[in-house]
Amino acid sequence: MNKSPLQIARYAYNPKLPQILREDLNKICASKGGATSAASDGEAISRLFPNTYGLPKVEFVKGENKKDEKTYNVGVILSGGQAPGGHNVICGLYDALKKANPANQLFGFCGGPSGILEDKFIILNDEIINEYRNTGGFDMIQSGRTKLETQEQFAVCSEVCKKHSINAIVIIGGDDSNTNAAVLAEYFKAKGENVCVVGCPKTIDGDLKNEFIETSFGFDTACKTYSELIGNIERDANSAQKYWHFIRLMGRSASHIALECAIQTQPNICIVGEEVEAKNQSLEDITNYIASVVAKRAENGNNFGVCLVPEGLIEFIPSVKVLISEINDLVAENEKEFGALATTASKIAYIESLLTTDSKRVFNSLPQAIEAQLLLDRDPHGNVQVSLIETEKLLIETVKAKLAAMKKEGKYCGKFATQNHFFGYEGRCAFPSNFDSDYCYSLGYNAFLLIRDNLTGYISSVRNLSAPADQWLAGGIPITMMMNMEQRHGEQKPVIKKALVELDGAPFKYFESKREIWAVDTCFTYPGAIQYFGPSEVCDRTTSTLALENAK
Ligand code: FBP
């Protein structure tokens with residue numbers, strides 16, 4: 001493997017562990033709280049998880065633990081989209097496992113959850129692990145989006161575990177993957193098979209968080225990477241003073257990334273999908289708002305600016321949400337006929353003919369490119385892939401049209417020359433920030449302790465993250481505790497509740513209190529590149545989202 005100087009320097013970085021995890025493994029004990037219950041729908045969830053529901057929360061504390069003579073064969077799986085720090089979760093898990101007993105083995109299932117189903121793995125050793133310490137990407141074992149959810153799949157997992165004497169599985173993934181980890185844990189318990197299943201909270205989207213999981217890993221590095229790029233664009237905009245830049249940011253449904261980047265870079269506009277939905281705003285409302293800011297800045301001689309758009313915005317506009325859900329159903333119900341259509345035009349015409357009158361009107365109001373993007377392949381859940389919809393271009397078009405209409409009415413709107421950008425993949429495999437390097441390593445190391453104490457159905461939890469790493473708290477949360485029942489594919493399913501931006505939460509409140517000033521004045525801030533070496537206040541800084549949420 002060719003190595004850059006930074007990669008070589010990062011190998012030497014020693015991730016910081018919480019104080020408790022620095023103890024000798026035999027001196028760390030699980031302190032258990034009382035029985036827990038689900039976030040809501042406790043009765044239904046307790047029926048579905050008779051063996052793993054109601055388990056206590058666990059915190060690791062100093063104490064005497066029995067000498068562990070057991071040999072562990074652990075399987076690890078990376079699930080879903082890449083997020084900076086994934087390799088460090090594996091490195092932390094590996095180091096703890098080998099520290100407990102050098103004979104313990106770590107099986108890296110390749111290509112995501114399909115790796116265990118196809119029995120495709122590599123045995124991780126020092127040579128492999130040392131190539132990936134503190135590096136971005138998931139390329140050590142790759143990831144995938146296969147869902148582990150059916151009884152047949154679980155039976156295959158069980159066979160593979162028996163074949164290799166695997167007694168624990170760590171699933172590193174988002175809300176759905178951790179939900180599936182809980183279902184798999186329940187399956188093994190119900191069958192009386194002693195395979196411990198532990199989850200780890202991953203996703204750049206930042207939407208896997210709650211009282212016990214302060215943030216998912218990867219969010220910190222991804223937001224810092226995008227903020228660096230946005231800051232650079234802001235400086236370019238302020239230097240040339242001739243373009244409005246429309247920047248779409250990844251994050252799937254949730255607007256956490258856009259909001260965090262807005263706080264870090266202070267752009268003129270940031271649309272928050274959750275607010276659009278709460279205020280029942282239409283595409284026209286959003287367009288009018290942006291056009292009014294453009295005109296106001298033009299009055300002050302500022303024919304430039306920056307507007308951030310979360311990639312999930314389109315799904316939050318109520319009328320478009322209804323349209324998308326109709327299209328999802330129509331595509332699923334008419335899969336064969338729809339799939340046989342050869343051209344985009346014929347697909348558009350076909351769907352249009354089946355839409356309800358209101359949705360047809362909304363569909364027809366969109367530019368043809370967006371109509372086509374709404375019909376692209378669905379994800380494994382049957383949902384539209386928001387990363388493929390160019391909402392920033394849609395807004396440029398609607399704002400242009402609005403400004404033209406305003407000019408006709410005699411309003412001064414200045415010039416509106418635009419550039420569009422989409423930042424997503426640029427941030428998912430960056431070298432993890434010090435925070436993500438430390439957090440991920442701790443999550444992996446901690447996952448081994450959960451396995452050692454046979455805490456199946458738990459998610460690795462490292463908390464108190466705004467404090468220096470040595471003060472972080474480590475433990476485990478029963479996954480069922482974070483669940484509620486939701487309608488999925490026409491059925492009620494137990495799932496981890498997705499955390500969207502809360503409009504009464506501290507990050508949004510902060511943004512709301514500033515946005516009017518940022519809109520008209522030029523208040524850009526330039527965060528610069530992630531720093532890995534240097535003063536702690538620069539290198540170990542966490543996200544504003546975490547700082548504001550933890551300050552409450
Ligand atoms: P996860 O939810 O699996 O962590 O993935 C997050 C994400 O990066 C989203 O922000 C984005 O919409 C999606 O993955 C893109 O998916 P893909 O990698 O399949 O193009």
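Predicted model: local features only at pLDDT ≥ 70, side-chain atom pairs only at ≥ 80, totals over all residues.
The corresponding distance is 2.9 Å for Arg428, and a polar side-chain atom of Arg252 lies 3.4 Å from an oxygen atom of the ligand. The ligand taken alone exposes 480 Å², and 83% of that area is buried by the protein.

Helix α9, which spans residues 256-265, is mostly covered, with ten of its ten residues buried. The buried set includes the charged residue Glu260, together with His256, Gln264 and Thr265. Also buried in α9 are Ile257, Ala258, Leu259, Cys261, Ala262 and Ile263. The packing partners of these buried residues include both helices and strands. On the helical side, contacts are made with α8 (219-240), α21 (506-520) and α23 (544-550). The strands contacted are β8 (244-249), β9 (269-270) and β10 (305-310).

In general, most residues other than glycine have a negative phi. Asp119, however, has a phi near 55° and is placed in the loop that connects α4 (114-117) and β5 (121-124). Gln142, likewise not a glycine, has a positive phi of about 60°. The loop that contains Gln142 runs between α5 (126-132) and α6 (151-164). With a relative accessibility of 39%, Gln142 is classed as partly exposed.

The cysteines were examined for disulfide bonds, and the count comes to zero. For Cys91, the closest cysteine sulfur is that of Cys440; because the two sulfur atoms are 10 Å apart, they are too far from each other for a bond, the cut-off being 2.5 Å. Cys91 has a relative accessibility of 0% and therefore counts as buried. Cys539 is likewise in no disulfide, its nearest cysteine sulfur, again that of Cys440, being 17 Å away. The relative accessible area of Cys539 is 4%, so this residue is also buried.

Key:
Residues numbered from 1 in each chain as written. Heavy atoms only, no water. Polar contact = N/O pair within 3.5 Å; in protein donor to acceptor, adjacent residues only side chain to side chain. Areas by Shrake-Rupley, 256 points an atom, 1.4 Å probe, with all protein chains shown as cover. Buried < 20%, exposed > 50% of the residue type's maximum accessible area, 1.4 Å probe, protein only. Helix = DSSP H or I, 4+ residues; strand = E, 2+ residues; numbered from the N terminus. Contact = heavy atoms within 4.5 Å.
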